[in-house]
Amino acid sequence: SQTISTTSGGVLADAYVGDNGDPNGKADDFAAYLRGGVASQVQVALVKYCYVDIYGGTDVAALFAHYEATMDALEAEFPQVTFLYATNPVETGASGSNVARYQFNELVRAKYAGTGRLWDVAALESTRPDGTRVTGSIDGQHYEALYGGYSLDGGHPNADGSKVLAAELLRLIAQS
């Protein structure tokens, strides 16, 4: 049984689930974590994939179907928990991987944007401070890319990018 320890008041807990490169395993591990006792201790929960979990050649439709089925099952099983949803992060530059991530993210947006509980990581990462977007297309396939000014290493956010992401996540949690 998993437990979250608190001292007083609320707590924001973070746990690694699954392994990078295996997003279905991450979703399954997230579900097992909640079923192992965590769901009775939290008000809000979400799982977020890493940018390396989706790459050119990923079966995006199958991946989304697994994510959707997992989230639907968890929502039915734990109606007392408010579930948030997350788009997949992107990396800098034009790539087939960012195209696949965009395709997955569009499915996530279509299903969950209307809930008001979508943490749109990719949109945040690809929006410059002036509001313009880092986007493009490869052979007619659209992509979003991590704004270089928010990039630590081409894939992970730096301090500025982390602040943008964290502010939106905290806003979503606070409204839940």
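A residue is called buried here when its relative accessible area is under 20%, exposed when it is over 50%, and partly exposed in between, with a 1.4 Å probe and protein chains only as the setting. By that rule A100, with a relative accessible area of 6%, is buried. Keep this scale in mind, as it returns throughout the tour.

First, a word on the model. The structure is predicted, so local features need pLDDT of at least 70 and side-chain atom pairs count only at pLDDT 80 or more, while totals for chains, interfaces and linings use all residues. Residues are numbered from 1 along each chain as its sequence is written, and side-chain values use heavy atoms, with hydrogens and water left out.

Let us begin with the whole chain. Five helices and six strands make up its secondary structure; these are DSSP runs numbered from the N terminus, with helices being H or I of at least four residues and strands being E of at least two. Read from the N terminus, the order of elements is α-β-α-β-β-α-β-α-β-β-α. The C-alpha trace spans about 45 × 35 × 30 Å along its principal axes. The radius of gyration is 16 Å, which agrees with the value near 16 Å for a compact globule of 176 residues; the radius is taken over C-alpha atoms, and the globule rule is 2.2 Å times the number of residues to the power 0.38.

Of the 176 residues, 42% count as buried. Contact means heavy atoms within 4.5 Å, and among contacts with a separation of 6 or more, 65% link residues 24 or more positions apart. The chain exposes about 8,700 Å², and carbon and sulfur atoms supply 50% of that area; the areas come from the Shrake-Rupley method with a 1.4 Å probe, and for residues only the protein chains shown count as cover.

Now turn to helix α1, residues 23-35, where D28 lies. The buried residues of α1 are P23, G25, K26, A27, F30, A31 and L34. Their cover includes β1 (44-45), α2 (60-77) and β2 (82-83). D28 itself is partly exposed, at a relative accessible area of 40%. Beyond its neighbours within four places in sequence, D28 is in contact with H66 and T70. After α1 comes G37, with a positive phi near 125°.

Back to A100, which sits in helix α3 (residues 96-112). Leaving out residues up to four places away in sequence, A100 touches I54, Y55, G56 and V60. A100 and D59 are 41 residues apart in sequence, yet their C-alpha atoms are 8.5 Å apart in space.

What is the phi of D139, which is not a glycine? It is positive, about 50°. For background, most residues other than glycine have a negative phi. D139 has its place in the loop between β5 (135-138) and β6 (141-144), and at 77% relative accessibility D139 counts as exposed.

Strand β6 also holds E144. Is E144 buried or exposed? E144 is buried, with a relative accessible area of 3%. Apart from residues up to four places away in sequence, E144 touches a list of residues including V90, N98, Y102, N105 and R109; A122, A123, S126 and R133 are also among them. The C-alpha atoms of E144 and V90 are separated by 6.9 Å, although the two residues are 54 residues apart along the chain.
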